[in-house]
Amino acid sequence: MNNNLVDETNVLEVRDPSLYNEDLAPVPKEKRNWNWLNYTTVWMGMVHNIVAYETAGSLLGLGMNVWQALGTVIFANIILIIAMWLNSSSGAKYGLPFPVLVRASFGYNGAQFPIIIRGFVAIFWFAVQAYAGSKAVGAVLGVLIPGWNSLSDIHVIGMGLNDAIAVALFWILHAVIISHGMERVKFFELWAGPLVIVLGLGLVIWAIVVSKGVGPLFSEPSTLSGGEFWNVFWISVTGLVGTWATLILNVPDFTRFSRSQKDQVIGQGIGLPGTAIIFSIMSIITTSGTIIAFGRPIWNPVELLQTFDNPIVLILGAFTLLIATLSVNVAANVVSSAYDLVNLFPKKLTFVKAGIISIVLAVLFMPWLWFNNAGTIFNVLGAIGGALGPVAGIMIADYYIVKRKKYDLASFYKKTGDYAYKKGYNPKAFIALVIGLIASFIGLMVPALKDLYTYSWFLGIGFGFISYIVLMQPSIKEKRVDIENTSSSTN
């Protein structure tokens, strides 16, 4: 404890203004007040969203039965939480966000490359999620306001006036939540996550009623043979993990506020695999119910709500989906892009200002013009997620193997010292990154190895991890000697 406090004081003494501001500084011990419940509800807010619901439910559409789908979801979430825990520890220990921690491996200048890509992905994904959520806003207003749909005849920047108003309102809601910093995010997630469970439970009850019991929901057979199942299984696991591949990088943005390692480990353990699996069970059971009720799987919750032809159900359901989208968008996309922008312009931006700028920049992607090409969007995001896999591998290797979980706080904020490297770039990190990228995309580059692209994230993080350790062997040996000398002098 005391050593960290001393280091935080040293940061103030040696800091370089181009690498430091209050939002990038280590969070003081007295402000690390997030407990396990906060992390549980934050993850509830992130995993209880339309994409997660559709992904789990679509496993039945691929031919799996309920038990196979549940096994796939459980396995993917176990892998995911392990990766999250591995990259969470450094944030909780030192109170630092991702843009600062990544300097340890890439250098203070080299870090800008993964930071810019991560920020781009976050803003791009925000635009997609925000436009999808605005549809829920439009659905509610369409029921409450007579003549609302007729506004579609008036066109504004490529969309109807009713859609433009819904988009503007939903964008503003994000700005309101982020305007009071991470504390507002924490309290919003405290009630937003559990609210989505209510809708999920309602749909599960409906599925049980229409199926006349739980038994029929679990008796629908699989249409996949042994070999076909395992092929679909690994594709699905990669997709489920890849959905959160980018958040694996910036999870320290959240764990830096943790009261202790125990709080973030327990809270994330309950919130990610725990509530994610429960939510997926709800989705899978409900989708199984749609097969019995309508003769086909309906894994899109908006489409399912519309089948009830009840305005009250539509309003309540749309409102819940709106909250779900708002919740995941703020926590997973606005927070990360805000820290990324603060890192790029530490002298001029604060977390709140950067968050607002991220929201405004997202408008430039104009998702209403290309949203119908959702397949292309998710393919692009999947490719970017594969590209970030090696970065995660490098960060984990640097913290646990190269630096042996011991960082010098002051070196993060000066252009001389442990993480300066040559002109602020660590060439070995970039070589490891290139090796990881080749591994990630070898399936696209070599037709004979096309099946390997299914495992792009796994290959990327694995090869990034191993190659960085091999390349940094001299530094590892030097660190080991320093530790041995320190132990000898202490004795």
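Helices (H or I, at least four residues) and strands (E, at least two) are DSSP runs, numbered from the N terminus. The model is predicted, so local features need pLDDT of at least 70 and side-chain atom pairs count only at pLDDT 80 or more, while totals for chains, interfaces and linings use all residues. Residues are numbered from 1 along each chain as its sequence is written, and side-chain values use heavy atoms, with hydrogens and water left out.

The loop between α18 and α19 holds K423, and R404 sits in that loop too, between α18 (374-402) and α19 (427-445). R404 has a phi near 55°, a positive value in a residue other than glycine; for K423 phi is also near 55°, again positive in a non-glycine residue. Accessibility is classed as buried under 20% relative accessible area, exposed over 50% and partly exposed in between (1.4 Å probe, protein chains only). R404, at 32%, is partly exposed, whereas K423, at 67%, is exposed.

Helix α20 (residues 456-471) has 16 residues and spans 22 Å from first C-alpha to last, close to the expected 22 Å at 1.5 Å a residue, where the expected span is 1.5 Å times one less than the number of residues. Its buried residues include W457, G460, I461 and G464.

Elsewhere, I123, F126 and A127 of α7 meet S358, I359, L361 and A362 of α17, contact being heavy atoms within 4.5 Å.
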